[in-house]
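Dear colleague,

Please read them with the structure open beside you.

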Amino acid sequence: MTATRRHMLCLTFLALTTLWCGPISGLTPAGFELDNQSIIDATYQMEKYLAARKLKLVSHGRARISAQRGICWQVTDPVRKTWFIHQGVVSDLSSTEGDTTADTPAFMTQGFMALLLGDVSQISPDYNLRINQDEQGNTKLYLRPQDPKLTQIIDLISIHIVRGYVQNIRVVEKSGSSTSLTFDQFKTDKLNDLDLLQDCRDKVNK
Amino acid sequence: MKGINYFILAVLLLLPLGGIYQLLRSPASVQISLEALLPQHTNQLKDELSRLLKQKVLIATKQDGSKLHEQLKQIPGLTLNEYQPLEEFTFLHRYQLLNCSYCRNNLTDTITSALYNPFASITDLELSHDPFLVMRHLMEQPQIPAKISYDPPFCLRGTINREQYCLITATFDYEHFSSQDLLNSLQQIRLTDPSLLYTADALFAASASRNAQNDMMRIGIISTIGCVILFILTFHSIRILLFTVLTLGIALLEGIAAVLMLFGSIHAITLALGACLIGICIDYNLHTFMTLSDEKSSKAAVLKLKAPLLLSLLSSVAAYLVMALTDLLVLRQLSVMAVVTLTTTYLLMLYLLPHLPIPKVAPNPLVALMLKGAGNIAVLWKTALWGIIILAGIWCWLSHPADDDVARMQQVDAQLSQHNQLLEQALHDHRSSVWFQLPASSLQMALEQCEQIRDSLSKDQLRHLLLPCSIIPSNRQQSANIKIYQQSLPQLQKIYQQFGVDISPPDLDNQTVFAPREHPLYNLLPITDHGLLIRVDGSADDLIARLNQFPELLQIRQRQLWSQAFGKYRTQLSILLCSGFIIIALMLYARWGRQTLRIFVLPALCALCGGTLANVLWTQGYMNLFTVMAGFMILGLGTDYCVFYHLSSEQEKSRTLHTLLIAWLTTEISFGMLALSDTAVIASFGLNLAVGLALMLSGVIIWSDGSNNLIRGGNDISK
């Protein structure tokens, strides 16, 4: 393994941790319009394409997102996994060892939340932002990294917002690999007294 | 008889030369270590590890780090820490560094999470070079410090007040280079770089020492000028001043030489406390000069002086000798020094001064005025006022607990404190740190013990700790880590195959352990060849208590140890003060019977209580070791006032009053002036002494119905 490739690997990790941080000033949330008492319920498909191996990993599942109470993220196919993300803490509810907490940095999970909500004001100033809006009011956000370290890894992040909902998030890496998240069957519910964590835990075995 | 006199004189003059020779030959004879202050068998400090902490220096700037680095390199004694890039090393030794706990029980969960999670899914590079996902787990582990990033070769990047700083760590050889020079150099750099922040134990010590020196210099100059003026006004002669300096010098050196001979060394605190003896010795000088200048023959003068000087000497010696019974080295040294210094002064007064030409004492209008004034207000003093002072003083003693915290005894530099707080916050993510030592026969042994401690702590507790073994594993741990990967490899391949993913199996057979010194952060970690230090968040009380349960860990509590030592000294000295008071009272009782109550006990009690009362009113009741020391001085000097005044005949009363007033003024100008110090502990000492001695002198004279004597004395001197 060459020194350059070793550095590339390190930079990949760096990118993973610096992808979501810091605000872009002057922009307001453009995605899910969630008030404190609402919860978005949607199914999703994730396609992870690994260019070097020409391998596509596809998974399906369901996400329940509340701006205040966190995210319940469930993978239903090809494996069953459930994560609960709240206030920067990721808990693996489906772990064989019971609830385990992953030491994922808070800014990373908060960044993920910002991406889901299409809230670009929360995303790093290290990106150049381009916004395309069509006549129906649908929006496409394109984020290109401008930090030299990031440009070696990330090529483009695009967020497609349709009728106020984030429909697709796509991260394209310089290596040609990419990750695409597509949401469908949106449902907005009122939270009322729902305990999202308990609700999420109840769904682990269903 | 004459031969014996000359022999005594020769011995007295030669002995100090031995002390000077010993000090010049071995400056290390002056001890400054904390251990010597503590009672025997309580030494808990391991020099090598505690030195690590004392050497630590942390410097930060918002500006160009490389420019600062160049400037710092020029400072003598300062060694800047440099380190290699961390990422490459971590990747190369990832299997040695991470204890793969998930490999045994949770490997499937870990791999599937990485393949299908939306926020940090697996990469091509990981599948090719890190299928165990070691790097992402290493990144999740808390590093030191959690909020710091590395910018080799010398900068740590941290945020202070929301601004990016370059933090440079260094060590300072405080044993061979001047901390004062280091502080001056940093202050000089700060003139051109106002964003510069710095902290180190050595800097706090240097700053406190400089403040104390400036303070003492200021007060010392005023005191010296005051004493010189007073001597010249009184004796109209420089010779007397020179003789006084000469006899005091000989007596003190004699005391030091005796301590060196008996103990092999002398502690700096003994020297500091011993300096108070000057106050008593100078009074012997004044009485002798006054008597010699007044009497026709020196023989007659010596005869007159012998009794009061001897009684005064015996009472002081008896009080100081009690200190020899304690188990505190410094107090035992002090008792020897006091006995020898006072005895030498006594002998010099009797055997040296009578042979010197002493000029006639000139009338002093200032002293006359003071005596007459004091006589006129004496009636007031005789009333209930003294009772009130005694009662109020006793109340003060009882209601104000002593404060032995050494941190309060020195002036803490406000700017340094602020720097320290900001840097601690940036580097360690908390305001204060508590340190534990883990001494061992070798570093490997210390790392292994550290790992055992780490494994017994919870994940939450580990967040509040810096354990060097979490960064650099022991050889044993590294080998164990590699073995886990080797055993888990077949299962890993099976899991990936299950999801149709091909991986390149890592080469685990050629992994070898690395030496601690190879680690890029070795210089940043508090480790030596014989142990390591563990840092804990100062606010995590439960964790600190838990760590104290490990027998191999020793908490470094220097401030607490010093405070405890000072507290123990204060308690012992308070007992000795009471014992000394009783012993002196009994000795005087043998001479004056029941009158002792009136001529000594009540004035001394009033002086001790009055000093305390003044201290409470002025310094909000700051009671410490040095306020008790002031009590000793009040008692010693007060006894002299009492003895000399009451042993003088009616005809000599005016001269004695004159002498006592000069002696008192000398002490007030030299020691009493310390009340003006900016350093709380010195001010409390000076204030106690100034007020206590004033009350003692007036008490000795006025309780003996001396108001008429005062006025008569004033008239005599004016003539």
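**Disulfides and cysteines**

The S-S bond of Cys100(B) and Cys103(B) has a torsion of about 80°, so this disulfide is right-handed, a disulfide being a pair of cysteine sulfur atoms within 2.5 Å. The S to S distance from Cys100(B) to Cys103(B) is 1.8 Å.

Please bear in mind that this is a predicted model, in which local features need pLDDT of at least 70 and side-chain atom pairs count only at pLDDT 80 or more, while totals for chains, interfaces and linings use all residues. Residues are numbered from 1 along each chain as its sequence is written, chains are lettered from A and ligands numbered from 1 in the order in which they are written, and side-chain values use heavy atoms, with hydrogens and water left out.

Over all chains there are four disulfides. In one of them, the sulfur atoms of Cys72(A) and Cys200(A) are 2.1 Å apart. Cys72(A) belongs to strand S3 (residues 70-77) of chain A and Cys200(A) to helix H4 (residues 196-202) of chain A, so this pair ties together parts that are 128 residues apart in sequence; helices (H or I, at least four residues) and strands (E, at least two) are DSSP runs, numbered from the N terminus. Cys72(A) is buried at a relative accessible area of 1%, where buried means under 20%, exposed over 50% and partly exposed in between, with a 1.4 Å probe and protein chains only.

Finally, the sulfur of Cys606(B) lies 7.3 Å from the closest cysteine sulfur, that of Cys609(B), which is too far for a bond.
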